[in-house]
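Student: Hi! Could you walk me through the pockets in this one?
Tutor: Happy to, let's have a look together.

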Amino acid sequence: MPVLKNISTLYTCIDDGGQAEIHPIKNGVIVWIGETIEWVGRESELPEKYQSEKSFDAGGKMVIPGLVDCHTHLCFGGWRADEFEMRIQGRSYLDIAKAGGGILSTVKATREASEDELYEKAAGLLKEIQKQGVTAIECKSGYGLSLEDELKQLRVYKRLSEETVVHMVSTFLGAHTIPPEFKENRKGYIDLVINKMIPAVAQENLAEFCDIFVEESAFTIDEARTIFEAGKKHGLTPKLHADQLSSGGGAELAAEVGAASADHLEQISDEGIKQMAEKHVVGVTLPLASLYTQQPYLNCRNLVDSGVEVAVATDFNPGSAPTFDLPLAMMLTCNHGRLTPAEVLKGATIYASKAINRGEQFGSIETGKSADFLVIDADNVNEWMYHYKGSRMEFGFLKGKQIN
């Protein structure tokens, strides 16, 4: 029954109050048994029965819940470093696509890679991500765009979830874009997603969410609604890439279909914000995508002040967000999304867990939750975000086991 002591401030981030309420405990203590938190409180109030248990020393530093990255594209073939230079030189998305880049170039590389090759790459990336203090991660398909290649990506995630200690959640993103072989047969591809892909994903229990890129250049509102209906029949909960490049009603659709989250939202409408708040849809900001594509950042302040819970994630992918630095995404959300450090901490912990329907399992430090927490070398959450030096994790615990 280990005990973590000598904590300057313990930010529990429980799901009470608003975005800024992170429920700090001065001189806090955490007690856990196996993978589960047993007791949380002030050191002066530690029950006698825990006094003589094995203890770890936080060194007078702050402690936070393990970070949750609730939007990534972890499994993919190849990279797209050449596009980085092209964007800097002012080339548009269409220019890059015409030159053989964009999502479809990653689709080609992913199709050419074997499942084992994709697994080895994703497993290596996941080890690096864990070093950032990420203890839970959502992973999407969407770079296969054929029945076998979508299943291939999702099987990689299933293997990883069985072999890693990190909490993993898988999402089917077959409706990412139209693959080249269906360029002149859009309806044919949507039929494939609905009648072949979704049933196969459900049969193998490879995902619990169905995500769709709802955008003028991807899938329409009506197409997405039809795909979501099919997904729901097979037990897949909706998620959306919504309103990234244009205000196309993605947020409103997320509210209509009962999505767990709507992600991106840089061009969200006032009505979309209102409906997401009413239906308790979590909004996910992805500032690293704005950083790399030189596009406007989401003004998260508008969402939070209207009652939308905002999570922060990386959107890690080989094209528009080729970094998995979640603390960097948090800092950018402070500077460009107009949220305070406390608000972004809640966004990368309990609200991120709610965006993947795991709010009862992890994302906060409280009795009964998974024993996932990090010792951060900072005086407080404001100083951590202000003096940015990466995760600044000294060490931590994931499912009760020490990580460094």
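Student: How much space lies in the second largest pocket?
Tutor: About 170 Å³. Keep in mind that this is a predicted model.

Student: Which residues line the second largest pocket?
Tutor: The lining is made up of L154, Y157, K158, S161, M168, V169, S170, N205, L206, A207 and E208. By class, that gives 6 nonpolar, 3 polar and 2 charged residues.

Student: And which element gives the most to that lining?
Tutor: Helix α5 does, with 4 residues. Both α5 (147-163) and β8 (167-175) supply at least two residues each.

Student: OK, now the largest pocket. How much space is in there?
Tutor: About 1200 Å³. Its lining counts 41 residues, and Y93, I103, F213, S217 and L245 are the ones nearest the centre.

Student: How do the lining residues of the largest pocket divide by class?
Tutor: There are 14 nonpolar, 19 polar and 8 charged residues.

Student: Which helix gives the most there?
Tutor: That's α2, with 4 residues. Helices supplying at least two residues each include α1 (81-88), α3 (103-112) and α10 (287-293).

Student: Switching topic: where does Q130 lie?
Tutor: Q130 is in helix α4, which covers residues 115-130.

Student: Is Q130 buried or exposed?
Tutor: Buried, because its relative accessibility is 19% and the cut-off for buried is under 20%.

Student: What does Q130 touch?
Tutor: Leaving out residues up to four places away in sequence, Q130 touches V165, V166, M393, L398 and I403.

Definitions and conventions. Residues numbered from 1 in each chain as written. Predicted model: local features only at pLDDT ≥ 70, side-chain atom pairs only at ≥ 80, totals over all residues. Heavy atoms only, no water. Buried < 20%, exposed > 50% of the residue type's maximum accessible area, 1.4 Å probe, protein only. Contact = heavy atoms within 4.5 Å. 1 Å grid on protein atoms, 1.4 Å probe; cavity = no way out; pocket = protein on both sides within 12 Å on 5 of 7 lines; lining within 4 Å. Points joined across faces, edges and corners; volume = space filled by probe spheres on them. Nonpolar A, V, L, I, M, F, W, Y, C, P; charged D, E, K, R; others polar.
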